[in-house]
Amino acid sequence: MVYSRVRVGIAVGAAALLMWGCGTSQNFVARLEPWRADEEKACLNSGAIRETPFVQVRSALGAPSEYCGASRPFEMSAAAQGRVSMKPTALLRCPMVPAVERWVQTVVEPAARRYLGTELAELTVAGSYSCRPINHVSGGRLSEHGHANALDISQFRLLDGRVVTVKGGWHGDARERNFLRAVHDGACQEFTTVLGPEHDALHHDHFHLDLARHGRDGFGRICK
Ligand SMILES: [Zn+2]
């Protein structure tokens, strides 16, 4: 496997500093993976996404590295026909958008009704597209966030005004614990990687969801 080492410029470092409070520049290793472009093209051609006021196409992402980005990413500001806001707006490649839609509609909304007795109103997006190494560790592999193939969610706002945070609710009262575990476990049906507080300390305050390929055949899944 041919890996290339890429230096990500100071601009990304500065953004990372603002969002994550870590170093001023980050290197990553990446390899060209043709399946990514093929998969994106197949998704776009499938008609899986129709633009709505809440899901809008935007121009290609790629800077500051050719290894990052997507050819036709989408800005997603809400799911479930606008019932569930996503703040701030997420920037995602094609396959992620229908996966997020299904997760919200078939898992998160029903879990909010069942465990919290109210409707889901908003997801807090802690991260989406970001050309950076995994866990911001300089020298590490390029994150799925670098392909706009990942979404971090840190909290859930409900129609009655309550807010359930991953940080506080994972070990919170029974209703919040049950809600968050249902939301996490249900995500494993839609995404190939789901990482939460049980995974490591870095994920104590958010769920990481992505559509990476795992294992020799590419069909492995990680749900932790
Ligand atoms: Zn993440």
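In which sense, left-handed or right-handed, does helix 3 cross helix 5? In this predicted model, helix 3 passes helix 5 in a right-handed crossing. The contact draws on Ala 99, Arg 102, Trp 103, Val 107, Val 108, Ala 111, Ala 112, Tyr 115 and Leu 116 from helix 3, and on Arg 175, Asn 178, Phe 179, Ala 182, Val 183, Gly 186, Ala 187 and Glu 190 from helix 5. By residue class, this contact comprises 12 nonpolar, two polar and three charged residues. The axes of helix 3, which spans residues 96–116, and helix 5, which spans residues 174–190, come within 9 Å and cross at roughly 160 degrees. Because angles over 145 degrees count as roughly antiparallel, helix 3 and helix 5 are therefore roughly antiparallel to each other.

The strands were examined next. Strand 4 (residues 74–79) and strand 5 (residues 84–92) run antiparallel and are joined by five bridges, with Ala 79 standing opposite Val 84 of strand 5. These two strands form a hairpin with four residues between them, and in the turn Ala 80 has a positive phi of about 55 degrees.

Strand 5 also pairs with strand 6 (residues 120–127), here in the parallel sense and over three bridges; within this pairing, Thr 124 in strand 6 is the bridge partner of Lys 87. Together with helix 3, strand 5 and strand 6 make a β-α-β unit that is left-handed.

Conventions: Residues are numbered from 1 along each chain as its sequence is written. This is a predicted model: local features need pLDDT of at least 70, side-chain atom pairs count only at pLDDT 80 or more; totals for chains, interfaces and linings use all residues. Axes are lines fitted to C-alpha atoms, for helices over the stretch in contact, and angles run from 0 to 180 degrees between N-to-C directions. Angles under 35 degrees count as roughly parallel, over 145 as roughly antiparallel, 65 to 115 as roughly perpendicular and the rest as oblique. A crossing is left-handed if the near helix is turned anticlockwise from the far one by less than a right angle, and right-handed if clockwise. Two residues are in contact if their C-beta atoms, placed from the backbone, lie within 7 Å. Ala, Val, Leu, Ile, Met, Phe, Trp, Tyr, Cys and Pro count as nonpolar, Asp, Glu, Lys and Arg as charged, and the others, Gly among them, as polar. Two strands pair if DSSP finds at least two bridges between them. A crossover is right-handed if, with the strands pointing away from the viewer, the path from the first strand over the helix to the second runs clockwise.
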